[in-house]
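Visitor: I am new to this structure and would like to learn how to read it. Please take me through the features one at a time.

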Amino acid sequence: MSINGQILSKDKKILYMCYSKNQIITLEEGIEIIEPDAFTKCTEATTLNFPDSTTEIRTNSMTFSRKYKKYQVRKKCFLYRLWGI
């Protein structure tokens with residue numbers, strides 16, 4: 001399923017890939033899990049806004065751009081290693 005350039009699971013709880021070309025990306029409410037490499041196509045992104053529903057951001061999911069400056073997540077979100085070596 002695709003919504004606003006975001007490839008999601010059928011239940012809209014898992015983000016597999018984001019294809020946004022925007023600098024500021026705000027994810028859909030209801031997304032709980034961000035899969036690895038989900039933002040590799042977001043080469044212009046500088047800011048990521050995660051919904052309160054996000055509970056897990058998996059390994060290397062934020063490996064995408066040197067332009068990246070900040071991200072915002074809720075307090076109870078488990079963050080794996082976000083960037084590759």
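Visitor: Is Lys-12 buried, partly exposed or exposed, and what is its relative accessible area?

Guide: Buried means under 20% relative accessible area, exposed means over 50%, and partly exposed is in between, with a 1.4 Å probe and protein chains only. Lys-12 has a relative accessible area of 38% and is therefore partly exposed. The model here is predicted: local features need pLDDT of at least 70, side-chain atom pairs count only at pLDDT 80 or more, and totals for chains, interfaces and linings use all residues. Residues are numbered from 1 along each chain as its sequence is written, and side-chain values use heavy atoms, with hydrogens and water left out.

Visitor: Where is Lys-12 placed, and what is its phi?

Guide: Helices (H or I, at least four residues) and strands (E, at least two) are DSSP runs, numbered from the N terminus. Lys-12 sits in the loop between strand 2 (6-8) and strand 3. Its phi is near 65°, a positive value in a residue other than glycine. Asp-37 also is not a glycine and has a positive phi, of about 60°. Asp-37 belongs to the loop between strand 5 and strand 6 and, at 36% relative accessibility, counts as partly exposed.

Visitor: How many helices and strands does the protein chain have?

Guide: The count comes to 0 helices and 9 strands. Read from the N terminus, the order is β-β-β-β-β-β-β-β-β. Of the 85 residues in the chain, 41% are buried.

Visitor: What is the pLDDT of the protein chain on average?

Guide: pLDDT is the predictor's confidence in each residue, from 0 to 100. Where pLDDT is low, the predicted coordinates should not be read in detail. The protein chain averages 80, and 73% of the residues score at least 70.

Visitor: How many salt bridges does a search of the whole structure find?

Guide: Side chains of opposite charge can pair when their charged atoms come close. The rule for a salt bridge is a side-chain nitrogen of Lys or Arg within 4 Å of a carboxyl oxygen of Asp or Glu. The search finds 2 salt bridges. One of them joins Arg-58 to Glu-35, with the closest N and O atoms 2.9 Å apart. This pair links distant parts of the chain, 23 residues apart: Arg-58 is in the loop between strand 7 (56-57) and strand 8 (70-72), and Glu-35 is in the loop between strand 5 (33-34) and strand 6 (47-49). In the other, the side chains of Glu-56 and Arg-58 meet at 2.5 Å, N to O. Shared partners join Glu-35, Glu-56 and Arg-58 into one network of salt bridges.

Visitor: Which of these residues are buried or partly exposed?

Guide: Arg-58 is partly exposed, with a relative accessible area of 25%. Glu-35 is buried at 17% relative accessibility, and Glu-56 is buried with a relative accessible area of 17%.

Visitor: How many aromatic pairs are there?

Guide: A pair of aromatic rings is described by the distance of the centres and the angle of the planes. Rings of Phe, Tyr and Trp (its six-membered ring) pair if their centres lie within 6.5 Å; planes under 30 degrees apart count as stacked, over 60 as edge-to-face and the rest as tilted. The count by this rule is 1 aromatic pair. Phe-39 and Phe-50 form this edge-to-face pair, at 6.1 Å centre to centre and with 85° between the planes. Phe-39 lies in the loop between strand 5 and strand 6, and Phe-50 in the loop between strand 6 and strand 7, so the pair ties together parts that are 11 residues apart in sequence. Phe-39 is buried at 0% relative accessibility, and Phe-50 is buried at 7%.

Visitor: How many disulfides does the search find?

Guide: A disulfide is a covalent bond between the sulfur atoms of two cysteines. The cut-off is a pair of cysteine sulfur atoms within 2.5 Å. The search of the whole structure finds 0 disulfides. Cys-18 is in no disulfide, and its nearest cysteine sulfur, that of Cys-42, is 3.6 Å away. Cys-18 is buried, with a relative accessible area of 0%, and Cys-42 counts as buried at 0% relative accessibility.
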